[in-house]
Amino acid sequence: MSDPSTNISHLELGDRNETFLDSNELVINMGPQHPATHGVLRVILKLDGEKVLGTECVIGYLHRGVEKIAENRTYAMFNPYVDRMDYVAAVSNGLGYCEAVEKLLNVQAPPRANYIRVILTELNRLASHMLWLGTHALDIGAITPLFYTFRDREEILKIFEKYCGARLTTHAFRIGGCLYETYDGFEKDVTNFLDFVTPKIDEYEELLTTNRIWVERTKNVGKISGKECIALGVTGPVLRASGVRWDVRKAQPYAAYSDFDFEIPIGQNGDTYDRYLVRMAEMRQSLHIIRQAVGKIPEGPIMAKVPKVIKPPVGEIYHSIEAPKGELGYFIVSDGSTQPYRLRVRPPSFVNLQALDMMVRGQLVADVVAVIGTLDIVLGEVDR
Amino acid sequence: MVATLKRQFGSGISEASTYLGQNYMVVDRSLIPEILQVLRDQEQFDYCVDITAVHYLTREKPFDVIWILYSFARNERIRVKTLISDGEALPSSVPIWPTTNWLEREVYDMFGIAFEGHPDLKRILLPEGWKGHPLRKDYGIIQQDNEWVQANLGIESGQ
């Protein structure tokens with residue numbers, strides 16, 4: 001069937017039911033340099049006309065060997081490297097790593113440090129979701145949200161810059177707590193930002209939630225059920241949009257999350273539209289958490305008593321946090337030296353991307369772009 | 001749970017303990033994948049978080065392979081660890097948890113541990129045709145497959 005010559009002979013024989021075009025499966029290549037793949041993702045698509053019969057992801061273009069680097073750096077030296085994985089949520093990466101090493105050392109970050117950590121991590125979740133919304137909407141054809149979200153994300157980056165001097169790869173936390181005390185007016189800046197951004201989120205929703213083009217492009221696109229999500233190891237907003245109320249912040253609280261009251265928004269249909277609604281609701285919950293934390297930051301030290309040279313006792317630890325993309329885990333094996341014997345990162349983007357094939361089978365080519373956007377992957381984290 | 005499993009598998013579970021509040025057990029290679037299936041079906045560990053490996057160069061059985069599992073119903077994690085020798089293959093757990101497809105490919109790519117019965121076992125992060133498995137301890141940090149680099153990138157060395 002796939003041999004064109006047979007088809008031509010069909011045409012010559014006058015078989016009108018089977019023409020040259022519709023009898024062929026078409027294999028096309030998307031990426032790695034494609035604006036809608038959010039980085040260097042290559043997807044090989046097998047198509048029947050406009051219908052997707054199957055996909056294969058080719059990844060690794062951004063592989064830097066982060067896990068190998070970790071084995072050759074001390075615990076403190078490796079800390080900035082984790083920011084380069086999911087570079088739009090660097091603060092979350094740092095939090096996960098610092099907490100994992102703290103667990104291995106059996107030290108607790110002081111309450112003040114934990115509050116600062118929660119505020120910055122939630123701000124980062126907002127920044128990550130804003131970037132996702134802007135680019136995802138742009139992929140689907142709505143250009144305006146990108147300008148809105150980037151304008152507002154800038155305010156978060158300004159707070160990061162004032163706090164630690166960096167905007168993207170922040171290296172905000174250290175093993176044992178925080179290095180920097182909050183600057184004068186930090187809490188006022190955060191409160192002002194909350195007041196500024198709350199109506200903006202309504203504004204994004206006004207642009208999209210009932211927009212007919214948006215709804216048509218996202219409803220019933222890339223459906224995945226809660227059961228399938230669990231089988232495929234999918235976590236984060238994608239899992240929650242399929243109706244599973246699970247969030248590491250609630251299930252196994254870390255930092256100071258058990259002090260705050262917040263909800264886990266879930267969806268019902270597990271389609272692209274529900275994932276959009278879940279992430280929008282999550283942004284509001286993040287604002288709610290920050291509002292509770294700011295103004296109540298306890299007094300006290302920001303750094304626990306950690307030795308200058310970090311040498312955790314021999315042992316293994318797995319610690320995970322709820323990153324904006326899903327469960328981000330660190331598995332560290334210590335041999336008692338200053339360097340990790342083995343450090344494994346469990347990247348949410350990598351595992352979530354595996355669901356792409358299942359989600360786009362039987363759908364249209366244009367939906368592949370929508371589904372890649374809705375999975376919210378960052379290739380720096382997929383490839384590490 | 002450990003008691004039930006021990007009754008079922010006997011001495012195959014050589015160690016079942018807790019370190020820093022995290023449960024783990026070391027099981028015999030022959031119990032894979034049986035024990036994983038039991039953990040999923042009977043003990044509700046329905047979510048395979050991660051599979052990874054650790055290389056100990058001088059040990060008789062140089063590789064630790066570790067499954068990190070989570071149960072939604074119990075809100076619990078457990079790590080299952082088994083020791084294998086170099087060149088030894090493990091049965092794939094893709095029929096138990098489809099998510100392990102890419103995770104096993106990564107272990108194969110980085111350590112050269114094969115998984116029997118895997119639907120499509122090939123490299124995932126490194127290019128097809130690359131020689132060596134970078135996360136083995138005898139693979140240097142600046143080492144690379146120069147032949148591949150010269151043939152495919154047209155440069156002397158990537159360093």
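Select Leu26(A) and look across to E2(A), where the bridge partner is Leu47(A). Before moving on: residues count from 1 along each chain as its sequence is written, and chains are lettered from A in the order in which they are written. This is a predicted model, where local features need pLDDT of at least 70, side-chain atom pairs count only at pLDDT 80 or more, and totals for chains, interfaces and linings use all residues.

Now select 26-30 and 42-48 of chain A: E1(A) and E2(A) pair in the antiparallel sense over five bridges. (Strands are DSSP runs of E, at least two residues, and helices are runs of H or I, at least four, numbered from the N terminus; two strands pair if DSSP finds at least two bridges between them.)

**Stop two: the helix across**

(Axes are lines fitted to C-alpha atoms, for helices over the stretch in contact, with angles from 0 to 180 degrees between N-to-C directions; contact means C-beta atoms, placed from the backbone, within 7 Å.)

**Stop three: two domains**

Colour 16-58 of chain A as domain 1, and 69-346 + 365-383 as domain 2, with bounds from an automatic or database domain assignment. Here 11 residues of domain 1 touch nine of domain 2 in chain A.

**Last stop: chain B**

Show both chains: the contact takes 30 residues from chain A and 26 residues from chain B.

Conventions
Contact = placed C-beta atoms within 7 Å.
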